[in-house]
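Have the viewer open while you read.

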Amino acid sequence: MESIKIRKITSIWIITVLTLFVASIVLGILMRLNQGGVLQQTPITFYSNMTIHGITMIGIWFVAGMAGINYLMERYVKTSYTANLIALILTVIGVLLLWAVTLIGKFHTAWTFLYPLPLKVMWAKWATPTFLVAMSILSVGWLIWGISMMTQVLKKYSIAQAFAWQHFKKDPEVKTPPFILISMITLVGVITCLFVAVVLMALYFAEYFSGGSFVNDALLMKNLTYFFGHTIANEMLYLGLAVIYELFAEVGGRPKWKTTWYVALAWNFTLIFILTAFFHHLYMDFVQPEGFQIVGQLASYLASLPAAAVTVFSVWVAVYRVKIKWTLTNLLFFIGVAGWVIGGFGAVIDATISNNIVLHNTLWVPAHFHTYNVMGNVLFSLGFFYWFSIQFTDKLVSERFSKLILSLLIIGGAGFLLAFYIGGADSIPRRFSNYPAEFTSAKFLANFGAAFATIYLIPILILFYNITKRCLKILFSSSS
Amino acid sequence: MQQSSILLLFFFLMGIALIVFTYVYLSSKKADQGMTNPLKKRFWFFLILTVMMGIFASVTIPKSPYFAFADKTPAKVIHVAAMQFSFFLSENAIDPEKPSGQQIELPVDEVVEFRVTSLDVNHGFAIYDESNRLITQTQAMPGYVNRLRYQFDEPGKYNILCLEYCGMAHQVMRSSFTVK
Amino acid sequence: MSKNIVFLFLLIIGFCNFAEAQTTSNALKEETNIYEKVFDVPLQVVDRQSASFDELYAQKPVILALIFTRCTGICNPFLVKLKENLQFKTQENPFQVLVVSFDSRDGISDMRRLAQNLGLEDNKQWTFATTDSISRLNQSVGFEPIWDSLRQQFDHDALLVGINKEGYITKKLIGLREQADLELLIGSVNNIFSPTYRLPNQNSLFSCFNYDPVTGKNTPGLGLLFLALPAVLTTLLLVFISYFVRRSRQKRVQLN
């Protein structure tokens, strides 16, 4: 009985995510077309769209990852359906409020809502408090979900076991599945950055309701903003990786991956580095002491090392000269890992302080994070969605059709991203609704990006139709 | 040009990644026993990555802008106050109550110092040369002053753009100065 | 009674506003002439050979104080406070204090008396001097005393000018200032560069770092606590949940 409930709620999550994904891609394409001069939106419309595009994308791929690990966690521990449901309800309320705030209220602070921009009201008066309330609702909903899942894991595993510390010794008695280890590491990161969001919101509310008598420190607020924003954007990738650790071998018809000492070590280190890497967002704020800047660069480098040496290498080991049953699911995973690595190169280059001075807030920034989302995390989650949807139906996507889907995803994604990277190297600023005339290549690149994003949208729509249809069937089936 | 070499480096790394992933994928078509001794190979992979990153970090960190021209006495100091949606540049300190700016001319081949702050929200202060290359930048943060030192080697007109999103006219927030 | 309190309150507020306006305009004045070269004047030095200014700053960076001996106002407390603030100063970053009169009536004997009154006549770090080109010096450091014939006094700022070994003005301070500001001044004449500083009157409760000019390092502020708090909370939560679920499981086992 219980397993049907989780199946249904996971279906709702998937349908919600995919619907919002398609809508946000369309907003993104409209933004690129506006930058390319094909469309003429007012700057306010452009920036409102940009704000909701960013918030929605971060939000949906985070919940997609959470819903994914929640579903798979049922294999090891009993999870709380109530917490899942509360998170779903609060997410829907929060997202609806945010769409109202930006599209009706014309709130346009970008998704980073850098202090004190939300308090300098240039939109409907109700939009600022509603935005803060919506963000608080989302934070609280996700906190409940994260803490509940953490509690369920801790019911079965002790802290040491959940972090796989016993694997540092030879032949441990209790074996921690990699999925539990990675979920736990990620949940701790997620809960931390959601607490940061709560602190940030509290400071905003304090200033908003103090009527000018309490003023926040801009540096503290910027640190908090990126502690929250950077970390949640990073953790959602790790949620996707947890799914890969669980499913990659299984889908290919291979024995399950095991936790070893180096897997345990790498992920424990990742937890530490990922919580300090956000300092790289403040490289150009000379007010931040140099020590923190250098910690930012080192942590950004070190965060990528265990991931590369363990996760990427494990994927290679699992594939190299091994007979694998390739399906759409594990191909999406495999291509996603490649996209994640390439985006990682762009990220490490940008996380180098002496490069950052000529790349910071140019198109290089959206270039690299779109790479490991569009060609990485999204593919991880789509792989999971597809795998989930075919569990309970028998009709699969034919191999030839899979090839078409993947080719379109790669061609569309590559062209879309290339326009960003070249724009970044051409010093074209990010977050400009219209480009100054002196950036001669900017308009062409924007339209080029929009065209390829449209190609990317085609396979997404196919998958949307395909997966949603099956999920709806699961949702409305009465038995099994 | 720093940006061109960055792009080149990125394409080079991307190429390597694509070759490795394609090679690994194709190898699964003619499968046999899998990778021999993966732990040993993993160790070497990790070691090479660590050494490369270590070298990269130790080369780049000393080039960080916080240490640039720290031991020099600048020839000129320019005060910069950023405000939605304009910049005030002045050789004198700028009164936050009545900000005003002036035309700025800077000497070539000499160190100059920009003291950058903001009077409202966070802004960026990015300097573009005549060929529209971003050459240096800092952030303008309310309540704080960032000191950016730079030596212009080429005379000409330099543009300043705001590179931190600051609201609806962010894209037209700009200024300029000349170097002679 | 209550009226008096209200009046007093208003007076205090008025004074505070005035003081704030004063600091703002002083802060603006302090930013003038930075990195300009100080005018190289000839100096008649008390109890020493006369010298030119460039000989002096070439030996050691200079902190220049401009005063006049007949001052009934700020000059004396200004110098006393400067002496107090500097007396325990270690020689980590070298500097010398040069006190120059901007009043043409002051002779070398007036300056000697001033040094004696301050108990500084034998202090090698302090130099008292007069010059015959005071207006050029005033102009080069942006100092504008105004003669008030009614009071027979100059109306002027209590100005300290930091000059590095190359003779460039690195920093100015106006008014009676605390130790920390003086340390910044001494750091600046020794070309110690900090890539940032905070605007006056902009100290907020939750700032992350406070720059300590003595060590040249940032000390953690209250704001850093807010950054660390979430990680601490999560750790506590982890331990708490773990303890709680174990205990309830043990209870269950006992019941069975």
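## Ground rules

This is a predicted model, so to speak of local features we need pLDDT of at least 70, and side-chain atom pairs count only at pLDDT 80 or more, while totals for chains, interfaces and linings use all residues. Residues are numbered from 1 along each chain as its sequence is written, chains are lettered from A and ligands numbered from 1 in the order in which they are written, and side-chain values use heavy atoms, with hydrogens and water left out.

## Where chain A meets chain B

Let's start with A against B. Here 82 residues of chain A touch 75 residues of chain B, where contact means heavy atoms within 4.5 Å. Together the two chains bury about 7,400 Å², and carbon and sulfur atoms give 70% of that. Buried area here is the accessible area (1.4 Å probe) that two parts lose on being put together, summed over both.

On the polar side, chain A and chain B share 29 residue pairs in polar contact, both residues at pLDDT 80 or more. A polar contact is a pair of N or O atoms within 3.5 Å; within protein, one must be able to donate a hydrogen and the other to accept it, and residues adjacent in sequence count only if both atoms are side-chain atoms. Several helices of chain A each bring at least two residues to the side that touches chain B: α2 (43-73), α7 (218-251), α9 (290-319), α10 (328-350), α11 (353-359) and α13 (399-425). Helices (H or I, at least four residues) and strands (E, at least two) are DSSP runs, numbered from the N terminus. The top contributor is α9(A), with 17 residues. By type, this side of chain A splits into 54 nonpolar, 17 polar and 11 charged residues.

Two salt bridges are counted between chain A and chain B, a salt bridge being a side-chain nitrogen of Lys or Arg within 4 Å of a carboxyl oxygen of Asp or Glu. In one salt bridge, A:E438 pairs with B:R174 at 2.8 Å, N to O.

## Where chain B meets chain C

Next, B against C. This contact takes 21 residues from chain B and 18 from chain C, and the two chains bury about 1,900 Å² between them, 58% of it on carbon and sulfur atoms.

The strands β1 (76-83), β4 (111-118) and β7 (144-151) of chain B each give two or more residues to the side that touches chain C. The largest share, five residues, comes from β7(B). Sorted by type, this side of chain B has nine nonpolar, five polar and seven charged residues.

β7(B) also runs antiparallel to strand β10 (residues 196-198) of chain C, joined to it by three bridges; two strands pair if DSSP finds at least two bridges between them. B:Y144 stands opposite C:R198 in β10(C).

One salt bridge is counted between chain B and chain C: B:R115 with C:E31, at 2.7 Å from N to O. Both residues belong to a salt-bridge network that links B:E113, B:R115, B:R147, B:R149 and C:E31.

## Salt bridges inside chains

Over all chains, the structure holds 22 salt bridges. In chain A, the side chains of A:R75 and A:E246 meet at 2.8 Å, N to O. A:R75 sits in the loop between α2 and α3 (81-104) and A:E246 in helix α7, so the pair ties together parts that are 171 residues apart in sequence. A:R75 is partly exposed at 36% relative accessibility, whereas A:E246 is buried at 2%. Buried means under 20% relative accessible area, exposed over 50%, and partly exposed in between (1.4 Å probe, protein chains only).

In chain C, C:K29 forms a salt bridge with C:D157, with the closest N and O atoms 2.9 Å apart. C:K29 lies in helix α1 (residues 2-30) and C:D157 in the loop between β7 (153-155) and β8 (159-163) of chain C, so this pair ties together parts that are 128 residues apart in sequence.

Methods:
Ala, Val, Leu, Ile, Met, Phe, Trp, Tyr, Cys and Pro count as nonpolar, Asp, Glu, Lys and Arg as charged, and the others, Gly among them, as polar.
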